[in-house]
Amino acid sequence: MIYQLVYVSEYTGDSPESDLHDILAASRRFNPQHGITGLLLFVGGSFIQVLEGDDEAKVRALYERIALDPRHARLDVLLDYTLPKRLFPDWSMAWMPISETEFCALAHIQRCDFATLSQLDNNIVSNILLNFAEAKLDG
Ligand SMILES: Cc1cc2nc3c(=O)[nH]c(=O)nc-3n(C[C@H](O)[C@H](O)[C@H](O)COP(=O)(O)O)c2cc1C
């Protein structure tokens with residue numbers, strides 16, 4: 001089984017482009033060596049990240065380390081469960097550029113601020129992630 005953890009957090013910096021670049025570079029160095037794959041989104045000043053792996057302890061340990069990163073705060077776990085296979089098997093950390101408007105529409109919400117994102121319904125989050133995973137397979 002694959003353990004998957006999805007959280008939302010609030011970006012605390014003021015240069016998202018360079019921070020995102022550095023975060024993705026660190027992820028692509030570290031994650032493949034630890035059997036971790038996933039997806040990172042940046043929506044309206046919030047991160048949404050999927051971390052998945054076959055070793056739950058390793059996924060949790062990475063999450064604990066990421067939680068200490070000063071580039072974000074107020075981490076809130078949206079999904080924390082096991083599933084039969086990875087959603088993002090080909091990505092040490094996929095990056096999906098998506099606008100606030102697009103994400104709001106997918107999530108059926110009016111505003112994409114942190115408070116709203118952190119209260120997203122589990123089923124909506126799962127459905128959005130499934131869509132992304134399938135879109136990747138098609139591409
Ligand atoms: C939103 C967010 C997501 C992150 N995701 C990962 C990740 O998936 N893997 C990882 O190794 N580091 C990730 N990081 C970075 C870690 O917090 C930490 O800075 C990094 O692993 C340190 O790497 P270094 O020792 O190579 O500098 C993330 C940071 C943030 C803010």
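## Close-up views of the ligand site, pocket and cavity

**View 1. Elements around the ligand in the predicted model.** In this predicted model, three elements each supply at least two residues of the shell around the ligand: α1 (16-30), β3 (46-53) and α2 (56-67). Helix α1 provides the largest share of that shell, with five residues.

**View 2. Residues of the shell around the ligand.** The ligand is surrounded by 17 residues. Arg29, Asn31, Arg65, Asp69 and Arg71 are the closest of them. Sorted by class, the shell consists of nine nonpolar, four polar and four charged residues.

**View 3. Polar side chains at the oxygen atoms of the ligand.** The side chain of Arg65 has an N or O atom 2.7 Å from an oxygen atom of the ligand. For Arg29, a polar side-chain atom lies 3.0 Å from a ligand oxygen atom. Ser27 also takes part, with an N or O atom of its side chain 3.3 Å from an oxygen atom of the ligand. On its own the ligand has 620 Å² of accessible area, and the protein covers 77% of this.

**View 4. The largest pocket, with the ligand in place.** The ligand sits in the largest pocket. This pocket contains about 320 Å³ of space. Its lining draws two or more residues from each of α1, β3 and α2. The largest share of the lining, four residues, belongs to α1.

**View 5. Residues lining the largest pocket.** The lining of the largest pocket is made up of 17 residues. Those that lie nearest the centre of the pocket are Ile23, Ser27, Ile66, Asp69 and Arg71. By class, ten residues of the lining are nonpolar, four are polar and three are charged.

**View 6. The largest cavity.** Rolling a probe the size of a water molecule over the atoms shows where empty space is left. One cavity of 30 Å³ or more is present in the structure. The largest cavity holds about 40 Å³ of space. Leu41, Ile48, Leu78, Phe103, Leu120, Val125, Ile128 and Leu129 line the largest cavity. Helix α5 (residues 122-138) gives the most to this lining, with three residues. The class count for the lining of the largest cavity is eight nonpolar, no polar and no charged residues.

Methods: Residues are numbered from 1 along each chain as its sequence is written. This is a predicted model: local features need pLDDT of at least 70, side-chain atom pairs count only at pLDDT 80 or more; totals for chains, interfaces and linings use all residues. Side-chain values use heavy atoms; hydrogens and water are left out. A residue is near a molecule or strand if one of its heavy atoms lies within 4 Å of it. A polar contact is a pair of N or O atoms within 3.5 Å; within protein, one must be able to donate a hydrogen and the other to accept it, and residues adjacent in sequence count only if both atoms are side-chain atoms. Accessible areas come from the Shrake-Rupley method with a 1.4 Å probe; for residues, only the protein chains shown count as cover. On a 1 Å grid over the protein atoms alone, a cavity is a set of points where a 1.4 Å probe fits but cannot get out, and a pocket is an open set with protein on both sides within 12 Å along at least five of seven lines; lining residues have an atom within 4 Å of a point. A molecule sits in a cavity or pocket if more than half of its atoms lie within 2 Å of its grid points. Ala, Val, Leu, Ile, Met, Phe, Trp, Tyr, Cys and Pro count as nonpolar, Asp, Glu, Lys and Arg as charged, and the others, Gly among them, as polar. Grid points are joined across faces, edges and corners, and a volume is the space filled by probe spheres set on the points.
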